[in-house]
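Keep the selection tool at hand, as each stop asks you to pick a few residues.

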Amino acid sequence: GYRISTYNPGNGKWQDVSNYIDINRGFCSAIAKDENGNDKIYLIGGYGNSSQDKSYASNSVRVLDPSTNTVEEYSSILPVEVADSACATINNKIYYFGTADPNDTLNKYQTAGIFDPITNTATSIYNDDTRFLYLDQMSTEINNFMYLFGGTTDDGVFLDSIIKYYP
């Protein structure tokens, strides 16, 4: 798994603070406030978690609390497995767009959803309006719009698109 480290620019050194995150790739991350108004880092999906093989997409959400350097996992909270995803926070809800291959069979499908960090629930929003999902997109949010950049198709074609999504 990944270890959590902090960097001190004053002395130019890294320090390990935790050694928990048991995922290896394919997740997206976003910052949102929890039910107490504290900023947390949310890791959505990815490949593998503590209860499954690392080659399979995950339907878990992991929450990093930077004030305590601890990670909490919400297993099986997403409606479907998601990996190779992009996400951004809009109005304190995390929108995620990605693909999944729950059985590692290369039968990937597209998925989209919203994770609410206040209620710790997720809802699928995949429909005809969100069919622009691709593998390995990057994303950011500005003025309540989510921008999705590039990505690849299931056939490995690299895209040079920018998609502006408003929930």
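Predicted model: local features only at pLDDT ≥ 70, side-chain atom pairs only at ≥ 80, totals over all residues.

Residues are numbered from 1 along each chain as its sequence is written, and side-chain values use heavy atoms, with hydrogens and water left out.

**Stop 1: aromatic pairs.** The structure holds five aromatic pairs. Rings of Phe, Tyr and Trp (its six-membered ring) pair if their centres lie within 6.5 Å; planes under 30 degrees apart count as stacked, over 60 as edge-to-face and the rest as tilted. Select Y7 and W14, a tilted pair with 5.0 Å between centres and 50° between planes. Y7 is partly exposed at 43% relative accessibility, and W14 is exposed at 61%. (Buried means under 20% relative accessible area, exposed over 50%, partly exposed in between, with a 1.4 Å probe and protein chains only.)

Next select F97 and Y165, an edge-to-face pair with centres 5.0 Å apart and planes at 75°. F97 lies in strand β10 (residues 93–100) and Y165 in strand β15 (residues 162–165), so the pair ties together parts 68 residues apart in sequence. Strands (E, at least two residues) are DSSP runs, numbered from the N terminus. F97 is buried at 0% relative accessibility, and Y165 is buried at 13%.

**Stop 2: nonpolar cores.** A nonpolar core is a set of buried Ala, Val, Leu, Ile, Met, Phe, Trp, Tyr and Cys residues joined through side-chain atoms within 4.5 Å. Which residues touch the most other members of the largest core? Of its 15 residues, they are Y42, I44, V61, L78, I94, Y96 and F115. Strands β3 (28–33), β4 (39–44), β7 (61–65) and β10 each give two or more residues to this core, and β3 gives the largest share, three residues.

Now select F115. Leaving aside neighbours within four places in sequence, its contacts (heavy atoms within 4.5 Å) include Y42, I94, Y96 and N120. Another core, of twelve residues, lies apart from the largest one; among its members are A86, F97, M146 and I163.

**Stop 3: T123.** Select T123 in strand β12 (residues 121–124). T123 is partly exposed at 46% relative accessibility. Not counting residues up to four places away in sequence, T123 touches P79, Y96, A112, G113 and I114.

Notes: Helix = DSSP H or I, 4+ residues; strand = E, 2+ residues; numbered from the N terminus.
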